[in-house]
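Student: Hi! I have a model open on my screen and would like to talk it through. Can we start?

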Amino acid sequence: MAAVTRPASAVVATTTAAARVALIGNPNTGKTTLFNALCGARAKTSNFPGTTTSIRRGRAELTPGLPTEFIDLPGLYELQHDAPETRIARQVLDDVAGDGLDAVVVVVDACNLTRNLVLVAELLTHRPPVVVALNMVDLARRRGLELDADALARRLGVPVVPMVARRGTGLPELRAIIGEAVARRTPQIRPLDLPGRDAPLEVATEWADGIVAEATVSAALAATVDTATERLDRVLTDPVLGLLAFGLIMCGLFWALFTLATVPMDLIEATFSQLGGFIEASFPAGPVRDLLTSGLVGGIAGTVVFLPQICILFFLITLLEDTGYLARAAFVMDGLLARFGLPGHAFVPLLTSHACALPGIMSTRLIPDRRDRLATILVAPFMSCSARLPVYVLLTSLLFADRPALAGLAFAGCYVLGGSAALLTARLFGRTVLRGTARPMVLELPSYKTPSLRNALLTARDQGLAFLRTAGTIIVAICVIMWWLSAYPQVATPDSATALRLQAATPGVEAGEAGALLDEADLLEARAAQAGSFAGR
């Protein structure tokens with residue numbers, strides 16, 4: 001890996017003031033992954049534009065006595081475009097609050113350097129010092145592209161740090177160079193041939209091409225077509241085969257969900273069953289024991305038993321996301337969504353709504369057209385969010401016990417039903433209150449990557465904890481309330497039940513007949529208690 005290169009004019013000073021550093025870059029450059037590595041955070045990452053809709057903040061100490069606040073900005077291609085993500089970035093860079101940024105770290109993709117340098121050119125016209133994080137150099141080398149970081153730093157006049165963010169390679173060097181940029185607190189020297197802020201895109205692209213030509217050491221294989229990727233994309237982005245592949249992948253995901261979750265679910269049920277038996281044996285009969293066994297233990301068990309499905313679901317979705325497949329799914333779904341009056345951009349909010357409709361609705365802010373944005377907001381709640389998973393699991397488990405294949409198919413059918421309701425409703429809105437056609441979507445397909453198991457495990461854990469904190473607490477509270485409503489007020493034992501018990505105790509009655517009479521008396525008492533309770537009434 002090339003050494004970290006600093007411009008000749010760098011002057012290092014010391015400071016103890018708190019620093020503010022912004023992270024910015026094109027979509028799919030690994031910007032949020034770098035933010036997580038720098039701050040030790042676990043913010044949501046994605047391989048397609050539209051997921052990061054607002055800034056994220058994290059704190060870290062680059063050097064002893066130098067606390068730093070990192071600001072993760074939305075992914076964007078250029079600052080002059082009139083879009084929500086660019087307005088957010090401009091507001092932070094221009095800093096309307098007046099505090100100012102101490103440095104800007106721009107994350108660039110080593111495999112698409114020309115396109116990324118267009119954004120770098122715009123950032124060099126702003127006041128804060130710029131540090132370039134040259135990410136994915138390992139992928140560039142595998143493609144036969146070797147870049148000279150020293151030459152790149154000389155031409156740009158700013159430090160350039162080659163790195164692989166997902167592995168942490170180059171992270172210590174980046175921390176050190178950011179610390180120096182923060183300590184320097186002076187703007188960088190602008191290249192003499194730097195395009196102005198209002199320069200046409202063609203001029204900025206030509207300038208970037210010239211820099212890439214000077215910084216490229218070897219590109220013998222860079223133009224070689226990645227035939228494996230092209231073969232996969234021909235199938236996964238085909239209008240027919242792509243939809244078929246999407247359906248098969250989703251069915252396989254839900255089948256794996258049921259198959260893998262069976263063992264932990266059985267263990268959880270057995271554990272809480274033993275706990276309930278222990279409480280019944282340890283406490284005398286009465287309302288306290290009933291509250292513990294039927295209210296608290298039953299409510300907690302009814303919540304925790306669904307945790308394996310939720311964690312496994314988000315684990316598998318994160319793996320698909322990291323591979324780059326979900327971008328292909330968004331491309332394929334664009335044609336389908338357009339037939340129902342929704343834009344291709346709606347795929348990301350609708351997919352996010354499977355976790356919760358609220359972040360899904362919030363992410364619609366990146367849909368450019370107001371009509372498309374409203375249509376997506378109105379149909380997002382139809383998608384099956386994680387709070388509905390327990391209901392789906394309960395129904396499919398009851399209907400298809402010991403048949404995981406059919407249970408997985410039925411589970412996927414629940415999601416298809418929600419998606420179908422959303423599409424049909426969108427079509428209805430498109431023909432009535434929201435007349436019009438959806439705009440076409442422009443989407444960059446990221447390269448295929450090996451998914452990060454660590455990232456998937458962390459995402460699954462965080463989503464599981466979020467479920468326990470939100471839906472779980474509500475479910476437990478409802479279980480306790482429903483137990484109280486069904487147990488009170490207590491009613492007197494029916495005369496018919498008393499008569500049956502007396503009959504069972506009559507001498508000469510056979511044991512089998514006495515047992516049947518007692519069971520019938522218990523049933524009558526339960527029915528009377530249910531009918532007389534608040535819930536029964």
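Student: Is Thr-323 buried or exposed?

Tutor: This is a predicted model, and in it Thr-323 has a relative accessible area of 19%. The cut-off for buried is under 20%, so Thr-323 counts as buried.

Student: Which helix is Thr-323 found in?

Tutor: Thr-323 belongs to helix α11, which covers residues 307-323.

Student: And how far is Thr-323 from Pro-451 in space?

Tutor: Their C-alpha atoms are 5.2 Å apart, although 128 residues separate the two in sequence.

Student: Okay, tell me about α11 itself. What does it reach from end to end?

Tutor: From its first C-alpha to its last, α11 reaches 25 Å, close to the 24 Å expected for its 17 residues at 1.5 Å a residue. Of those 17 residues, 15 are buried, so α11 is largely enclosed by the rest of the structure.

Student: What follows α11?

Tutor: Gly-324 does, and its phi is positive, near 100°.

Student: How do α11 and α18 cross?

Tutor: Helix α18 spans residues 453-487, and its axis comes within 8 Å of the α11 axis, with a crossing angle of roughly 145°. The crossing is right-handed.

Student: Which residues make that contact?

Tutor: On the α11 side they include Ile-310, Phe-314, Phe-315 and Asp-322. On the α18 side, Leu-457, Ala-460, Gln-463 and Phe-467 are among them. By class, the contact has 12 nonpolar, 5 polar and 1 charged residues.

Student: Switching topic to the open sheet. What is its strand order?

Tutor: There are 6 strands in the order β2-β3-β1-β4-β5-β7, and the pairing is mixed. At the edges stand β2 (56-63) and β7 (160-162), each with a single partner strand, so one side of each is left without a neighbour in the sheet. From one strand to the next, the twist averages 25°.

Student: How does β2 run against β3?

Tutor: Antiparallel, with 7 bridges joining β2 to β3, which is residues 66-72. One of the pairs is Thr-63 with Leu-66 of β3.

Student: And on to β1: which way does that strand run relative to β3?

Tutor: Those two run parallel and are joined by 5 bridges. Ala-22, for instance, has Ile-71 of β3 as its bridge partner.

Student: How many bridges does β1 have with β4?

Tutor: There are 5, again in the parallel sense, and β4 covers residues 103-109. Here Leu-23 has Val-105 of β4 as its bridge partner.

Student: How many residues of β1 are buried?

Tutor: The count is 7 of the 7 in residues 19-25, so β1 is largely enclosed by the rest of the structure. Both faces are covered: Ala-19, Val-21, Leu-23 and Gly-25 are buried on one side, and Arg-20, Ala-22 and Ile-24 are buried on the other.

Student: What is Thr-68 in contact with, leaving aside its neighbours within four places in sequence?

Tutor: With that exclusion, the contacts of Thr-68 are Ala-19, Val-21, Gly-58, Arg-59, Ala-60 and Leu-62. Ala-19 and Val-21 lie on one side of β1, along with Leu-23 and Gly-25.

Notes: Residues numbered from 1 in each chain as written. Predicted model: local features only at pLDDT ≥ 70, side-chain atom pairs only at ≥ 80, totals over all residues. Heavy atoms only, no water. Helix = DSSP H or I, 4+ residues; strand = E, 2+ residues; numbered from the N terminus. Expected span 1.5 Å × (residues − 1). Buried < 20%, exposed > 50% of the residue type's maximum accessible area, 1.4 Å probe, protein only. Pairing = 2+ DSSP bridges. Axes fitted to C-alpha atoms, helices over the stretch in contact; angles between N-to-C directions. Left-handed = near helix turned anticlockwise from the far one by under 90°. Contact = heavy atoms within 4.5 Å. Nonpolar A, V, L, I, M, F, W, Y, C, P; charged D, E, K, R; others polar.
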